[in-house]
Amino acid sequence: MTRFIERHPAWALIVLIAVAVLLWLILAVWPPGLEEAFGRKRVFLNAVFNGITLGGLYFLVASGFTLIFGLMRNVNLAHGSLYLFGGYIGYAISAWTGSWILGFVIAFLGVALVGIVLQIVVFRRMEGQDLRQTMVTIGLSIVFADLMLWAFGGDFYQIQTPSWLVGPVELPLVTAVRSSGEAVYLRYPMVRLVIFVAAVVIGIAMWLALNRTRVGMMVRAGVDDRDMLAATGVPIQLVFVAVFALGAGLAGIAGVVGGTFQSISPGEDTRFLLASLVVVIVGGMGSIPGAALGAVIIGLAEQLGSVYIPTYAIVVTFLIMVLVLALRPQGLLARR
Amino acid sequence: MFKSCAGLVALSSLLLSSAAMAQEKIKVGVTATLEGTYTVLGEDGIRGHQTAINTLGKKVGDKEIEFIIASTDATPDSAVRAVRKLIEQDKVQILLSPLSGDEGIAVKNFAKTRPELTFINAASGAQETTYVDPAPNFYRYNMDGAQWQVGLGKYAYETKGYRKIATVGDDYSFIYTQVFGLVLEFCGAGGKVTNRQWVPLGTKDFASVIAALPDDVDAIYLGLGGADAVNFLNQYQQAGGKAHLMGGSIMVDQTILSAKGNAKNALIGTIAASGQADTWEDPGWQKFVKAYQDAFPPNKRFPSPSLLATNYYNSTAALILALRQVNGDLSNNQAKYREALAKIELDAPNGKIKLDSNRQAIGTNFVTEVVDDGKGALFSKVVKVIPNVNQTLGYDPAVFSKIGLPSRTVPECKKY
């Protein structure tokens, strides 16, 4: 952080000012002139919150993707299928047992198992052949999509939110002041907040696991130099399998999350594959903090875009990607 | 080896198709949205289609009709692809297609390139399809989106006392047409439409759209359908929304009213208008509902047919009845058959239907209100029945043509 400020004082100042303006926009009561020019504060605040919570979902999908890439240099284009499969498992379990939480557990385990099978049966056989692996994952994603279409049909599934999460909560953020002087607080869907908090917890847990544990150390060492790590006697194949299982399992959890606050259906696999590709390209391939930053940027761009420039909302996401590729092709937080 | 094998397969399939011709089958291609946002709508459309076949049978004289179903996803290119496949691979002679608005415009334009075949619209309801440069071989036995909104604007203004409303709709031709019909009548009565929000078809995350809904209006009109409508209602419930609602023809419809979960309860009391009403007491309608219910087990259908089922029922019925009138004669580029189609008057379950000079339906419209039947099922209850609704909505054609084509901003909110 201090190094960044020393090296780029101008950029640091701009970022600081942007953060200050954002904080003021979120915390202050907007003067009437601003409301007229920019729309109501409630709309803005909602869009910001939606962007961040959507970013939480994107992070869950993209973190697994980026982890697998970082360690194995394997661009797993079947990652979207794992997301969708997790969603279907979550739906089936929660509809069958009535337990939303159990849906998460089984989806994580089920999809992690698929990940293990994929790593052992498919990817181990073509280690180090990037192009071949990429082609195989494209093929697998098509096969998976058709299998799921066959099993679950073209219908939309929505995972029922448990009753204790339905409805809005009032947040201590003032959106407007009534003429009587009474403050109007922001009301926001409970379920999205809970899911966002869960994404943050998972993100921090992953960071801790990578930076503070022995296994994490092996993974980091593997990211830096796989061959050297293998030469030191670490059972690298086991690490690969564990990381693949974790990455796949996270995609499965994300599927349940996506099925709860949106819905799951054929086609969602490619949508989320594309989203996680954009997120990791923006954030930096292989970097977990990069995935978090990229996810929040893309989530915010989508939601603010859909409110303020609805016609061009789709363009904004890709515009960001183009800008990042042009100015910092390795991604915002990439290490190399 | 492989080549000769493939050749053999091709040869045998050729032989097979010529054998089929010898049995005097009439091949009809059907498309429905069995993928994507409108999957449930497509599935119920096919149920309506099947109900018509059950009621009328497949025989035309000594010939038999063979129906071949292809799937689309509500995008125009998927519809054209499906229609092409049906014509080129399955060699169909008549098409029953498509389901959704944008698909309708694309298929109508495609129909012009195949003047020797006949196209019967299955359920699509964009105004442009039959109003602008209609194809001579394209017939539509359902009303368009604007016709399906007739009566709603006046009812909202006069009976419900709504003065200012805002609209949220899927961003494509059918919903433009629906909002067109609503705005024309509501603003004509003196109301104001303050805000029109458009969301891409297939939107998942409505949270920001819901947050942007204005507070200072009497009601919010929802022109959504299929999975979009269900997603919207779920997120609306999570956000704690409480506004008065008004619904379009595929919003207040069994495809949504029978959705899983309790988010749909936000629709109780919602006023809407459509080409049908679930609780209409007309014996013809009741008979159709019974036929639909008898044809499928309760867990494989809705409690009552959706608008799509009714449309597919009517278009299939017109297709079969006109074929019988000409005794299956499709010679001379189907000239006789087309004449019969243009003249046919359907005694449809949802009121009498006849075609105008553009081959567009003139029919009956219903203003409805959503009620709970006490057992947790929702139905649309008839408030008003309006017969003889034509495509210019009762306006003088010259005045109507000046309003412009339905779009995001047309018509303006004023009296024409």
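Two residues are taken to be in contact if their C-beta atoms, placed from the backbone, lie within 7 Å. The legends below describe a predicted model.

**View 1. The interface between chain A and chain B in the predicted complex.** On chain A, 28 residues are in contact with 22 residues of chain B. Two or more residues each come to this side of chain A from helix H4 (41-72), strand E2 (183-189), helix H8 (190-212) and helix H13 (288-308) of chain A. The greatest contribution is that of H4(A), with 6 residues. Sorted by class, the side of chain A that touches chain B comprises 11 nonpolar, 13 polar and 4 charged residues. For the complex, the predictor reports an ipTM of 0.78 and a pTM of 0.85.

**View 2. The fold of chain A, built from 14 helices and 2 strands.** The C-alpha trace of chain A extends over about 70 × 55 × 35 Å along its principal axes. A compact globule of 336 residues would have a radius of gyration near 20 Å, and the 21 Å found for chain A therefore agrees with that expectation. Buried residues make up 45% of the 336 in chain A. Among contacts in chain A with a separation of 6 or more, 73% join residues 24 or more positions apart.

**View 3. The open sheet of chain B, with 6 strands.** The strand order in chain B is E2-E3-E1-E4-E5-E6, and the pairing is mixed.

**View 4. The pairing of strands E4 and E5 in chain B.** Strand E4 (residues 94-96) of chain B runs parallel to E5(B), the two being joined over 3 bridges. Within E5(B), B:Thr118 is the bridge partner of B:Ile94.

**View 5. Model confidence along chain B.** The average pLDDT of chain B is 91, and 94% of the residues score at least 70. Confidence in chain B is highest in strand E5 (residues 118-121) of chain B, at 97, and lowest in helix H1 (residues 2-22) of chain B, at a mean of 49. Over residues 18-22 of chain B the pLDDT falls below 50, and this stretch has 1 contact in the model beyond near neighbours in sequence.

Methods
Residues numbered from 1 in each chain as written. Chains lettered and ligands numbered in written order. Predicted model: local features only at pLDDT ≥ 70, side-chain atom pairs only at ≥ 80, totals over all residues. Helix = DSSP H or I, 4+ residues; strand = E, 2+ residues; numbered from the N terminus. Nonpolar A, V, L, I, M, F, W, Y, C, P; charged D, E, K, R; others polar. pLDDT = per-residue confidence, 0-100. Pairing = 2+ DSSP bridges. Rg over C-alpha atoms; globule rule 2.2 N^0.38 Å. Buried ≥ 20, exposed ≤ 12 C-beta atoms within 10 Å, placed from the backbone.
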